[in-house]
Structure formats: C-alpha cells, structure tokens
Amino acid sequence: MAFSPTRGMVLAAGLGTRMRPLTNDRPKSLIEVAGRTLLDHAIDRFVAAGVKMVVVNVHYKGEMIVAHLKNRKDVEIRIQDERDKLLDTGGALKRALPHFGDEPFFTYNSDSIWLESLASNLDRMAAAWDDASMDCLMLLAATFNSIGFDSMGDFTMDAAGKLKRREPQRVAPFGWPGVQMIHPRLVRRGPDDPFSTNKLWDIAITEGRLFGIRLDGKWMHVGTPEARDEADAFMATRHLAP
C-alpha cells in the first residue's frame with residue numbers, strides 16, 4: 001500500500017531580495033498570483049493531498065505570515081520562528097524534525113506554483129514512494145515547459161527515476177520546482193549549523209537514493225517581479241486557480 005504523507009513543511013523564511021520592490025513591505029510568500037498568496041497556493045496543494053499538519057518557517061517580516069495564517073482553519077499550522085537566525089533550507093528542515101516523527105514528509109518552497117494536468121502531482125509522488133530504495137523523491141519539471149525558470153536545468157533522470165546533477169557546461173532537461181518528499185533519516189545526517197538541502201541531496205545521490213518524478217502540468221517559478229507578472233498573466237488566460 002502506498003504511503004501518503006499527512007505532514008508537510010512550507011519554506012517561507014527567505015529574504016526575497018530578487019523579488020524587490022514587491023518584498024519591500026511584505027515577505028515573498030505573501031506576494032499574490034491569481035489573487036491568492038504564494039503561501040496559500042502551497043498550503044492548498046497540501047490540503048488537497050490529505051496533509052493535516054503544516055510547519056511554516058518564518059524570518060523576514062515573519063509577523064505578517066503569522067497573522068495571515070490565523071485565517072486558515074482547514075489545516076493545522078505550526079510556526080517555526082527563525083527570526084533570530086537564518087537556518088538555510090537544510091537547517092530549517094533539521095530543526096523541524098520533531099514535528100515529523102519517523103515518516104517521510106512533503107516540503108514546498110513557497111515561490112513555486114503549477115497548474116495540474118490529469119492527476120494530483122503530490123498524490124503521484126506519494127504513490128511512487130519506495131521506502132526501501134529512496135531517501136528523497138523530487139518533483140521535477142521539464143525546463144522547456146516552464147515559466148520564470150531561466151537556468152540550464154538542475155538534474156538528469158534515468159529510466160528508473162534515479163537522479164544525477166547537471167554536468168558542468170551541459171544542459172539538463174529538468175528543473176526542481178521546490179517540492180519533495182524526504183525521509184527524516186536523511187535530514188538527520190545534515191550538520192547542526194545552517195546548511196543547504198543540497199548537502200542532503202549530494203549524500204542521497206552518492207548512495208543512489210535520490211529519485212524524481214516528472215511534474216504533470218505547467219510549472220511557474222515565481223522568483224522575480226517579472227516572473228510574478230508572467231505567471232499572473234498566464235493564470236488569467238486559464239481562469240483557474242493552480
């Protein structure tokens with residue numbers, strides 16, 4: 001029987017420097033696309049996938065996020081206050097481990113949204129999880145079919161779904177939309193100081209335990225004001241919430 005996570009974390013503690021001037025008066029996660037904040041888009045995805053508890057970490061203008069989330073009654077929200085010190089992505093996950101027990105959980109970077117196609121991508125991830133072979137399962141998007149993503153790609157993926165990083169001076173077909181299922185046993189292996197989740201992925205790659213599944217739909221990376229405008233315009237043509 002497939003495992004379906006009931007717990008997740010939205011990473012919302014970034015400084016939002018690339019999103020200025022929109023972040024001069026609010027955190028990036030409270031920027032709106034299609035009339036809804038990026039943070040709510042992320043939590044909506046979790047709720048639709050059956051997640052019952054969501055940890056949200058805060059730093060820059062964190063009090064605004066705390067106040068905003070008081071309006072959500074459809075899921076349990078737990079705030080991880082990082083206003084005293086930025087922990088980076090991996091450090092944030094490690095501090096949050098007491099919330100997740102010993103089961104895989106979803107993580108979601110708040111600057112990413114997508115339109116679904118035929119099925120829920122989070123449900124597909126849960127169905128694809130194999131605890132015996134995986135420590136991390138990433139949702140990956142084809143770079144040619146994305147909005148707001150302008151790099152040379154992040155990962156290559158073999159027929160079994162196993163991932164490797166893009167080689168230097170090469171183009172990789174997949175970008176990471178900021179969503180993953182990750183097991184606490186991998187997170188525990190990170191250092192005690194602030195660190196990037198990249199350290200955990202490198203461990204999993206070396207051991208052959210980092211896998212991916214292709215996003216079915218249209219991904220929008222909302223990392224700059226221009227990307228926000230492009231995503232907002234695209235959503236307006238679809239008359240749909242993501």
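This is a predicted model: local features need pLDDT of at least 70, side-chain atom pairs count only at pLDDT 80 or more; totals for chains, interfaces and linings use all residues.
**Aromatic pairs**

A pair of aromatic rings is described by the distance of the centres and the angle of the planes. Across the whole structure, a search finds six aromatic pairs. Among them is the pair formed by F46 and Y108, which is edge-to-face. This pair links distant parts of the chain, with F46 in helix α1 (residues 38-48) and Y108 in strand β6 (residues 105-109), 62 residues apart. Both partners, F46 and Y108, are buried. A further pair, formed by F100 and F105, is stacked. The geometry of these two pairs is set out below.

| Pair | Centre to centre | Angle between the planes | Class |
|---|---|---|---|
| F46 and Y108 | 5.8 Å | 90° | edge-to-face |
| F100 and F105 | 3.8 Å | 5° | stacked |

The stacked class of F100 and F105 follows from the angle: the planes are 5° apart, and planes under 30 degrees apart count as stacked. The planes of F46 and Y108, in turn, are at 90°, and an angle over 60 degrees counts as edge-to-face.

F100 has a relative accessible area of 0% and is therefore buried. F105 is likewise classed as buried, because its relative accessible area is 1%. Ring pairs also join F46, F106, Y108 and W114 into a cluster.

Which residues cover the two faces of strand β13? In this strand, which spans residues 179-182, V179 and M181 lie on one side and Q180 and I182 on the other, and all four are buried.

Strand β13 pairs with β6, the two running antiparallel and being joined by four bridges. Within this pairing, F106 has M181 of β13 as its bridge partner. F106 also belongs to the ring cluster with F46, Y108 and W114, while M181 is one of the buried residues of β13.

Strand β8 (residues 136-142) also pairs with β13 in the antiparallel sense, over three bridges. Here M138 stands opposite Q180 of β13, and Q180 is on the side of β13 that also holds I182.

Is R45 buried or exposed? With a relative accessible area of 12%, R45 is buried, because the value is under 20%. A polar atom of the R45 side chain lies 2.5 Å from the backbone oxygen of W114.

Methods:
Residues are numbered from 1 along each chain as its sequence is written. Side-chain values use heavy atoms; hydrogens and water are left out. Rings of Phe, Tyr and Trp (its six-membered ring) pair if their centres lie within 6.5 Å; planes under 30 degrees apart count as stacked, over 60 as edge-to-face and the rest as tilted. Buried means under 20% relative accessible area, exposed over 50%, partly exposed in between (1.4 Å probe, protein chains only). Two strands pair if DSSP finds at least two bridges between them. A polar contact is a pair of N or O atoms within 3.5 Å; within protein, one must be able to donate a hydrogen and the other to accept it, and residues adjacent in sequence count only if both atoms are side-chain atoms.
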